[in-house]
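Student: I've got a model open and want to talk through how some of its pieces pack. Can you take me through it?

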Amino acid sequence: MHSAKGRSGNAIGRTDLFASSLSPFSPNAHANGLVAVCLIYCLVMGWLLFTSHFLPFVFDNNETFSSVIHAQNMASLPFRLTFGLTNESYGLDPAAHPYVYTHQGNFPRLFAFGLLLLGADTPQAQIVATTFTVGLASIVMAYLFVSRIASPFIALLYCGILLTDYIMSTQWWINTWRVWHFFLFFAFCHLALLIARSRARSIALVCAGLLSAVAVYTEIAFAAFVLAFFTIYLCWLARRSPRVCVYGISVAIFGAVLGAAVLLVQIGAYLGWEGLKTDLALTFSARNGAPGEQLNSFMDAVWDFMRAHNLVYWDNNILSSTPLRSPWVAITHYFRYNFLPYSPLVTFLSIAAVLVLVLAQAPTLLSASGLPAQWRRFVVAKRLPPEQAVAFVLPAVVFLMAVLLFGTSAFGFHHHQMPMYSEFLVALLASMIVAYLFATASASPFTFDWRNDAQVRRLSLGAGTFLVLISVIHASGWLGPFSYPSTIMRGVSLIALAVAFHALCTRAGRPMRLVSVWGCVVFCFVVAGLTRLTPALYDTSFGITGALFHLTWKGLVSRLGGFLVWQLVVCLTMMLGCMLILTRSGSPLAARVCRQFMPMVAVLIAGAMAFVAAYVLFPGYVFTAYQNRYCPFTVFINVIPLAALGVLLSAGIMQDAMSRSTPLAFGSVTTVRRLSMGLAVACIAYWGALQNTYLKAFPANRLSEFFAELQRMKGVSTVASTYAAPIAALTKSWSYFDPAFLTVSQKFDGRRFVMTPRDERYLWLADRDTNDAYKQPSHFVCWMHSNLHDLVLGATTCGTLPGIKAIRSKFQPYFSNVEVSRDKKRDLWSIVRLDYEAPGSLRRIYDDLEVRAIVVTDKVAGGWRLQPVFKYVHQDGVPLRNVNYVLETITCRFGVARRVKSDTLTEAELFLPASFSGIARLDIDVVTDGLKDSPWKSAVFIVGMSQEKSEECFRQSIADGLLSKADLLLYLEIDERGSPDRWLKKPASQLISPIRAE
């Protein structure tokens, strides 16, 4: 007894120590948590920067390089050239400037300009400086905000998830432009708190006005989101002080107007007021609702305006017929894009965790709700013994578990074909059977004694009946494909979980409020409904979500135990959630943790409402600029449900007063803690495996070698297959983006074949019409982006580009260009040296003839005059200077084949006497600017020979080494009438067969 008490005392002492470290009033908790968060941030970001040689690039980091170029343009060019607007020209010559971006302000690039003045003149220096100033300040504000409204523990959990969310968060902290989104959001969170609760309200209001101006001058869609969040959250915090709400909202509106006014004045100074109105009308319409019926004419007007004023414009347009401006579309897109990287399993568990924590506080919330006294006495004050609570809760719990174990979906995705209604049929049947078992197998209505043999026998009989009924239903074909082992395993799991939950409730040792019981029932049925709603939210019937499931998430779940194991994990998590709802967390410490999370729910709701508002106002900007690119827009609220799951499991681990039963009993401290710890380990393992999957698929250093190669190409002019900013920043020379360059083999302009067709929409150099150097860049740079679509479909490589493919296969007319460097692992980049002085080439005339020249004959008096027909091409359209011809003839007499090769002839000298009988071929040499190419040989042609003699002559020529069998594949026989427009092509089989027979 003494040792038992000692062990109990040690456990309680450890719990008290843990509680004091988590308390928001502990003097060390805030400091320790802040140090831990800063250490995690420095380790994660330092590792990403070091492994990528301080030039990371995951999905997109183009804004970093654009910021550097913009800062350099601000430092080297006069202010009156752009009036402070973003200058996106990637040229060194002053005549190449400006090329202006007018569609939003760029406050982060002003910060980059300041860093440039301090000496950070390279992208590497800018990334390091911004990451460990703006980024570090952002994560500190995030921790302090959550710690202030919740607790240091929840703040540490929130920031830890935020820093390890690789796709939606981690990769953007090292982007010198996107990192400001984190700064702005958490700064507005602090200002809302200060305005609502602080005595220093005047200073906070001034800061809110300035920050609103900065947000609007940074990016309009994100500004709409953070300002809407600030307004909603401030109204919640200061709901009892309408005057404070009015002050805060008014200041925010004033700041937003001020930021917009500064931008509009700059644009007006650059374009004039008429140009300003046209620019706003065209760009806003194109991004949020371009006319589908007259799209071509509308876009022609847009591009004409942009080119006339040297304005940057990206061709990301949303048609007016696309139904985006809808709250329901915003909600569904939130899951299909913003919650997509987390997988359905994490979504399911995290949403369920939020429900648990909210419903666990239902008695407290109802007590403060202002309901009539008689309602509060019935709902809040009335208590039930645990035995009676089971009668209410058990059917709902069994229903939930049956949906998960017997359902046709695994976390929202169908993994085998069964009727849609089958899971609810089985769930309802199982609920009734198990509820009947516990209602009849007990001596009293809702108690069970394992030592009572009669009760055990009845329970066993009922369990067997349950399994038999399920087997019969499966065998009858009602539920589609049937597997006895899986059915029995799921049935046993269901009964075991129901028994365990019954024991947990009955041994909790404390009465339960009726509102907690009904909250648990509601929780079970809502979570069961989520199993049907998840497919609609993820839209698994088509697109990337379904493919990601089969290729990534399904394989990940299979590797970590399989679907049945994870379904049991979900069931156990739900069981733990019901227990916390019923017992109100079971201990003061766990109850405190759940209660501290409630302010985060307010942030979650305010953020969700702000997202819907921004999406409805600017659907095109949000959809194209954030959702399709997985940029940090809603990650701030995405993390809250994930943190709720951690809080739920932590509350289970912190149980210290669930019961005073033996350590092996259901509901004991040991059992609950072990259950919670096991689930926590499983969830951490899944989260780590998921992030590791993305890290391997999209490493931050995937373009390190490419960037290193560009740094060795100082002063080299380039044309790129995508963003030109990184290339221009690293080569320190002009560059531009041409999506058509080397994408097609050749283009005929009416006079000549041009091998490099141009798309000059993104030639952002002001002297593009007068500087002929832009027509002949020194190198072509192919490099590819990556995103989740590439994880599903496979990354698009440079080898798929027609021009690169032709160069690698040595196919004319591209082989004169040389691929000097390439990515040998993933083929994500390639650098080609362009040769504009290469000799001319000949293009095939007939698709069914693999020849470079065709000879057409014309019978004239005294002989055969040969008329060459060919098509000349050159990769830059250089005119033809000279053509030389060589005529080869083969005559066969007396069983001997003789070949005669003429000297260089002109076209007028191409002549065969009328008495000629034999085989001939024409060789063509093309001369361009003094450069000669190797001769192109025509197909062989026959003159004045019958088929029998031609076959004999072919065989003799091959035997004497004058021809090869390859020459027989295509040959021409002259028409007897000698018309230049009429010629005959004999099938090669007529001559090949007898030769092969020999």
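Predicted model: local features only at pLDDT ≥ 70, side-chain atom pairs only at ≥ 80, totals over all residues.

Student: Which residues of α27 does α25 meet?

Tutor: Start with the axes: α25 (residues 598-617) and α27 (residues 635-653) come within 9 Å. On the α25 side, the contact involves Met 600, Val 603, Leu 604, Gly 607 and Ala 608. Their partners in α27 are Ile 637, Ile 640 and Pro 641.

Student: Are α25 and α27 oblique or roughly parallel to each other?

Tutor: Their axes cross at roughly 140°. Roughly antiparallel needs an angle over 145, and roughly parallel one under 35. The α25/α27 pair is therefore oblique.

Student: What about α14 and α23: roughly parallel or oblique?

Tutor: The axes of α14 (residues 343-360) and α23 (residues 563-583) also come within 9 Å, crossing at roughly 10°. Under 35 degrees is the cut-off, so α14 and α23 are roughly parallel.

Student: Now the strands. Which residue in the turn between β18 and β19 has a positive phi?

Tutor: β18 (residues 882-893) and β19 (residues 896-901) run antiparallel and are joined by six bridges. They form a hairpin with two residues between them. In that turn, the positive phi, about 55°, belongs to Phe 894.

Methods
Residues numbered from 1 in each chain as written. Heavy atoms only, no water. Axes fitted to C-alpha atoms, helices over the stretch in contact; angles between N-to-C directions. Helix = DSSP H or I, 4+ residues; strand = E, 2+ residues; numbered from the N terminus. Parallel < 35°, antiparallel > 145°, perpendicular 65-115°, else oblique. Contact = heavy atoms within 4.5 Å. Pairing = 2+ DSSP bridges.
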